Amino acid sequence: MNKAVRKAVIAGNWKMNKTPAEAKELLNAIAPLVKDAGCDVVACVPYVDLQTALEATAGTNIKIGAENCHWEPSGAFTGEISADMLAAMGVEYVITGHSERRTYFGDTDVTVQKRTRAALDKGLTVIVCVGEYLEQREQGITAELVAMQTKIALQGVSKEELARVIIAYEPVWAIGTGRTATAEQANEVCAVIRGVIKDLYDAEAAEKMVIQYGGSMNAKNAAELLAQPDVDGGLIGGASLKPADFAEIVKAATVG
Ligand code: PGA
């Protein structure tokens with residue numbers, strides 16, 4: 001597999017952090033630090049920050065994403081936001097299936113598939129998260145589980161649409177814990193996912209597929225993780241809120 005055919009994507013996942021005013025301040029601090037990035041740079045922000053974030057990043061190389069979306073265009077779904085609404089705002093990216101959505105808010109492989117499908121229909125680029133709990137790793141079922149999550153999420157997605165899909169491998173035990181997967185562990189599972197893409201589509205699709213690692217990626221460990229042959233970027237939580245650290249990760253992706 002030739003990594004050179006893929007452009008790395010470094011995406012921040014701000015989670016439930018930052019008011020609009022704080023979002024503007026953070027993006028204004030990040031923008032000059034990443035302006036020469038050789039990778040794609042994305043900030044996925046809380047819904048209430050989207051408009052401010054779009055305005056603050058206009059004319060920069062930072063793309064804006066949401067952290068989730070509903071599959072119906074509109075309707076009686078109190079508290080939800082549709083892919084249609086995001087697209088109408090000019091948002092370009094959305095995360096689906098983040099483990100915090102799966103764990104705390106009842107998202108399942110099936111609803112992740114529906115959210116992904118709706119987002120693709122609206123022209124968004126989707127960062128689909130997959131990953132195992134520690135118990136599942138210890139049970140030796142990581143590869144099977146991640147393959148299953150990937151296969152279900154991609155049901156009904158055409159090979160052409162894959163150009164707007166990024167898979168983020170995020171071992172749940174590494175998220176927000178400061179405990180990172182080793183570079184070998186990260187690469188091993190990213191390679192499994194690439195194999196699934198090859199089985200579902202073909203070798204060309206697998207070669208082009210952007211697969212991120214996420215889970216306590218930071219300024220110190222990013223270079224080693226991003227140098228792995230099957231790791232094409234990162235989904236960054238905590239470190240995406242620190243401009244210098246986030247910029248360091250972007251730099252590591254640019255070199256890697
Ligand atoms: P973390 O979060 O970098 O804080 O571990 C990653 C994520 O949840 O996407």
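A polar contact is a pair of N or O atoms within 3.5 Å. I kept that cut-off in mind while going through this predicted model.

**Entry 1: the ligand**

I started with Asn 13. An N or O atom in the Asn 13 side chain is 3.4 Å from an oxygen atom of the ligand. That pair falls within the 3.5 Å cut-off.

Next I looked up Lys 15. Its side chain has an N or O atom 2.7 Å from an oxygen atom of the ligand. For Glu 170, I found a polar side-chain atom 2.7 Å from a ligand oxygen. I then checked how much of the ligand is covered. Alone, the ligand exposes 280 Å², and the protein buries 95% of that.

Which residues come nearest to the ligand? I noted Lys 15, His 98, Glu 170, Gly 176 and Ser 216, out of 13 residues around it. By class, the shell holds 7 polar, 4 nonpolar and 2 charged residues.

**Entry 2: Tyr 169**

I moved on to Tyr 169, which sits in strand β6. Is Tyr 169 buried or exposed? Its relative accessible area is 0%, so I logged Tyr 169 as buried; the cut-off is under 20%.

The Tyr 169 side chain makes a polar contact with the side chain of Arg 137, at 3.2 Å. I also checked Cys 129. Tyr 169 and Cys 129 are 40 residues apart in sequence, yet their C-alpha atoms are 6.0 Å apart in space.

**Entry 3: helix α5**

Helix α5 covers residues 109-121, which makes 13 residues. From first C-alpha to last I read 18 Å, close to the 18 Å expected at 1.5 Å a residue.

How many residues of α5 are buried? I found 10 of the 13, so the helix is largely enclosed by the rest of the structure. Among the buried ones are Asp 109, Arg 115, Arg 117 and Leu 120.

I then asked what the buried residues of α5 pack against. The list has helices α3 (83-89), α4 (99-104) and α7 (142-153). It also has strands β4 (93-96), β5 (125-130) and β6 (165-169). Strand β6 is where I had placed Tyr 169.

After α5 comes Gly 123, with a positive phi near 90°.

**Entry 4: helix α8**

Last, I checked helix α8, residues 183-200. Its 18 residues should span 26 Å at 1.5 Å a residue. The end C-alpha atoms are 26 Å apart, so the two values agree.

I listed the buried residues of α8 too. They include Ala 183, Asn 187, Cys 190, Arg 194 and Ile 197.

How values were computed:
Residues are numbered from 1 along each chain as its sequence is written. This is a predicted model: local features need pLDDT of at least 70, side-chain atom pairs count only at pLDDT 80 or more; totals for chains, interfaces and linings use all residues. Side-chain values use heavy atoms; hydrogens and water are left out. A residue is near a molecule or strand if one of its heavy atoms lies within 4 Å of it. A polar contact is a pair of N or O atoms within 3.5 Å; within protein, one must be able to donate a hydrogen and the other to accept it, and residues adjacent in sequence count only if both atoms are side-chain atoms. Accessible areas come from the Shrake-Rupley method with a 1.4 Å probe; for residues, only the protein chains shown count as cover. Ala, Val, Leu, Ile, Met, Phe, Trp, Tyr, Cys and Pro count as nonpolar, Asp, Glu, Lys and Arg as charged, and the others, Gly among them, as polar. Helices (H or I, at least four residues) and strands (E, at least two) are DSSP runs, numbered from the N terminus. The expected span of a helix is 1.5 Å times one less than its number of residues. Buried means under 20% relative accessible area, exposed over 50%, partly exposed in between (1.4 Å probe, protein chains only). Contact means heavy atoms within 4.5 Å.
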